[in-house]
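Work through the following exercises with the sequence and the model side by side.

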Amino acid sequence: MLDQSIESLLKKKADEVVFIELKEGKSIQIKDVTLEAGLPVPIMFKYVIDKVKGISESDIQLRSIMEAMAFIVGIDSEFPHKEIYLKFMNGVDPELHQSLYTLAMQAFEDEKYMDAAIYFKCAWEIDHNHIDTLFYYARACELAAEKSREDTPTVKLLEDEAFEVFSYIIEIQPDMALAYYHLGFHMVNRKSYRAAQGIWEKAVSLGIHDDAKEDILKNLTHLWSRIQYEEGYTLVLDGFPDEGLVKLLPLEEDNPEWWNLMFFIGLAYRQKEDYDEAIYYYKRTLNLNTGHVDTFNEIGLCYMSMKQFVSAQEYFEEALDWTLRIVNFYVT
C-alpha cells in the first residue's frame with residue numbers, strides 16, 4: 001500500500017512541477033521554518049503559465065509553492081527534501097491536512113483523479129488518523145483506472161493499489177461498510193468469488209446505505225454461478241472430477257459461451273478417462289477461445305490416451321504453433 005509501484009506511475013506527472021533555486025543570500029522564512037538558498041523550491045507549472053499571462057505574482061506565489069510541495073510529496077515518498085517541505089507547509093498552514101483534503105476533494109469532483117490521488121496521498125502522510133483520506137485515495141485510484149482502461153499496465157497498478165488500500169482500511173476500521181462494498185468488486189475482478197460474497201454480506205450487515213445495498217444484492221444473485229464455478233474447478237484441480245462436475249455442469253445451460261467453464265468440464269472428463277466427452281468440451285473451448293494453448297495440449301493428451309497418435313501429434317503441433325505466435329507477438 002502507498003508503495004514504490006504506484007509511485008512509478010505517479011512520477012509521470014512530475015513535469016507538472018518546475019523547480020527554482022533561491023539566489024545566494026535569499027531565503028523564504030515562515031515562523032521558524034526557513035527555505036535556504038540553494039534549496040529547490042517547486043512551483044506548479046500552471047501558475048508559471050498564469051504569470052506569463054499577467055497574473056500578479058503576489059497573488060499566487062505562496063499558494064503555488066504549497067500546492068507544488070504537496071504534489072511532490074504525494075508522488076515521491078522518498079524525495080530528499082520531503083521533511084523540510086512538510087515542515088514548511090505545516091508552518092504556513094496550521095490546518096494543513098484539512099487544506100490538502102479540500103484540495104484533493106476539489107480535484108476528485110473535477111474528475112482529475114490522478115491529481116486527487118496525489119493530494120490525498122500527501123494528506124495521509126500528514127495525518128494517519130483520517131481514514132476518509134485513505135478511502136478517497138483508493139476511490140481516486142479506482143476511478144483513474146476506469147479512465148485509463150485502454151492502458152493495461154496503468155489500470156493494473158491503480159487497481160492493485162486500490163485493492164491493497166481497501167484491504168488495509170477494513171483491518172484498521174472494520175466497521176467501514178463502504179470499504180467492504182468497493183473491496184467486493186476487486187475480489188470479483190480477481191475471481192475470488194467466495195471471498196467477494198463474504199465481503200459484500202459483511203457490508204450489508206454493517207448497515208450500508210440503500211443504493212449500495214441494492215447493488216450488492218443484485219450482484220450477489222449473479223455471483224452464485226461464479227462461486228459454483230470457483231468451487232467446481234478447485235475440486236477438479238484437486239483431483240475430484242465427479243464432485244467438480246456436480247458444481248460445473250448445472251452452469252452450462254445458462255453460460256454456453258463461458259470458455260473457462262467448458263475447459264474445466266473437459267478437464268474433469270479427462271480425469272475420469274471419458275476422453276470423447278472431454279474432447280467435445282475442449283473443442284467447444286477452442287470455438288470460444290481460438291488459440292488457447294492449454295486446450296490444444298489437453299486434446300493431444302486425450303488422443304494419446306486413446307492411442308490415436310497421429311491426431312495427438314496434430315494437436316501438440318498446434319499448441320507449439322500458437323505458443324510461437326504468442327512469443328513472437330510480445331517479442332516484436
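**Exercise 1.** Determine which way each residue of strand 4 points, and which strand pairs with strand 4.

Solution. Pro-40, Pro-42 and Met-44 point one way from strand 4, whereas Val-41 and Ile-43 point the other way, and all are buried; buried means under 20% relative accessible area, exposed over 50% and partly exposed in between, with a 1.4 Å probe and protein chains only. Because 5 of the 5 residues of strand 4 (residues 40-44) are buried, the strand is largely enclosed by the rest of the structure. Strands (E, at least two residues) and helices (H or I, at least four) are DSSP runs numbered from the N terminus. Next, strand 1 (residues 17-21) runs antiparallel to strand 4 and is joined to it by 5 bridges, where pairing requires that DSSP finds at least two bridges between two strands. Within this pair, Glu-21 stands opposite Pro-40.

Before going on, note that this is a predicted model, in which local features need pLDDT of at least 70 and side-chain atom pairs count only at pLDDT 80 or more, while totals for chains, interfaces and linings use all residues. Residues are numbered from 1 along each chain as its sequence is written, and side-chain values use heavy atoms, with hydrogens and water left out.

**Exercise 2.** Describe how helix 13 packs against helix 15.

Solution. Start with the geometry: helix 13 (residues 259-271) and helix 15 (residues 293-305) pack at an angle of about 20°, with their axes 11 Å apart; the axes are lines fitted to C-alpha atoms over the stretch in contact, and angles run from 0 to 180 degrees between N-to-C directions. Helix 13 is therefore roughly parallel to helix 15, a label given to angles under 35 degrees. Then list the contacts (heavy atoms within 4.5 Å): Phe-263, Leu-267 and Arg-270 in helix 13 meet Asp-294, Thr-295, Glu-298, Leu-301 and Cys-302 in helix 15.

**Exercise 3.** Is His-182 buried or exposed, and which residues does His-182 touch?

Solution. His-182 is placed in helix 9 (residues 177-189), and its relative accessible area of 11% makes it buried. Leaving out residues up to four places away in sequence, His-182 touches Phe-135, Arg-139, Glu-142 and Phe-166.

**Exercise 4.** Classify the accessibility of Asp-15 and of Ile-84.

Solution. Asp-15, in the loop between helix 1 (4-10) and strand 1, is exposed, because its relative accessible area is 60%. Ile-84, in helix 4 (residues 82-92), counts as partly exposed at 27% relative accessibility.

Methods: Angles under 35 degrees count as roughly parallel, over 145 as roughly antiparallel, 65 to 115 as roughly perpendicular and the rest as oblique.
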